[in-house]
Amino acid sequence: MLLEALGSAILGLALAWAAAHRLPHRLPARRLVLSTGIAGALFGAFLTHTALGSVGFLPVMLGAVAVSAASVSLLLRPAGRLHRHSATV
C-alpha cells in the first residue's frame, strides 16, 4: 500500500510537471498545478484500490494517472479569447 501511494504521487508529480512545462500559458501557478497533480493521483490510487481491491500495482497506477490527468485538466484555461458574435435581426 505504501508503494502504491509513493508510486502514484511520483506519477502525479511527473504528469503535472509535464503539463506545466508544456502549457504554461494555459495553466495557473506551477505550485497549484503540481499539488493538484499529486493530490489527484493519490485520490485516484485510493479510489482504484478501494473499488478493485488488491488486483495489483498496474491497475492502481492507471487509476491514479487517470484521476490526476482529469484533475489537472480542470485547471486549463481557454487558448484564446472567446469571440461573441451578436445576433442582429
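**Note on helix packing and cores**

1. Ser8 lies in helix α1; helices here are DSSP runs of H or I with at least four residues, numbered from the N terminus. The model is predicted: local features need pLDDT of at least 70 and side-chain atom pairs pLDDT 80 or more, while totals for chains, interfaces and linings use all residues. Residues are numbered from 1 along each chain as its sequence is written, and side-chain values use heavy atoms, leaving out hydrogens and water.

2. Ser8 is buried, at 0% relative accessible area (buried is under 20%, with a 1.4 Å probe and protein chains only). Not counting residues up to four places away in sequence, Ser8 touches Ala41, Leu42, Ala45, Met61 and Ala64, where contact means heavy atoms within 4.5 Å.

3. The largest nonpolar core has six residues: Ala16, Ala19, Ala20, Leu27, Val33 and Val72. Such a core is a set of buried Ala, Val, Leu, Ile, Met, Phe, Trp, Tyr and Cys residues joined through side-chain atoms within 4.5 Å. Helix α1 (residues 2-22) gives the most to this core, three residues. Apart from it lies another core, of five residues, including Ala41, Ala45, Val60 and Met61.

4. Helix α2 (residues 30-52) and helix α3 (residues 57-73) pack at about 140°, with axes 7 Å apart. Axes are lines fitted to C-alpha atoms over the stretch in contact, and angles run from 0 to 180 degrees between N-to-C directions.

Methods:
Buried means under 20% relative accessible area, exposed over 50%, partly exposed in between (1.4 Å probe, protein chains only). Helices (H or I, at least four residues) and strands (E, at least two) are DSSP runs, numbered from the N terminus.
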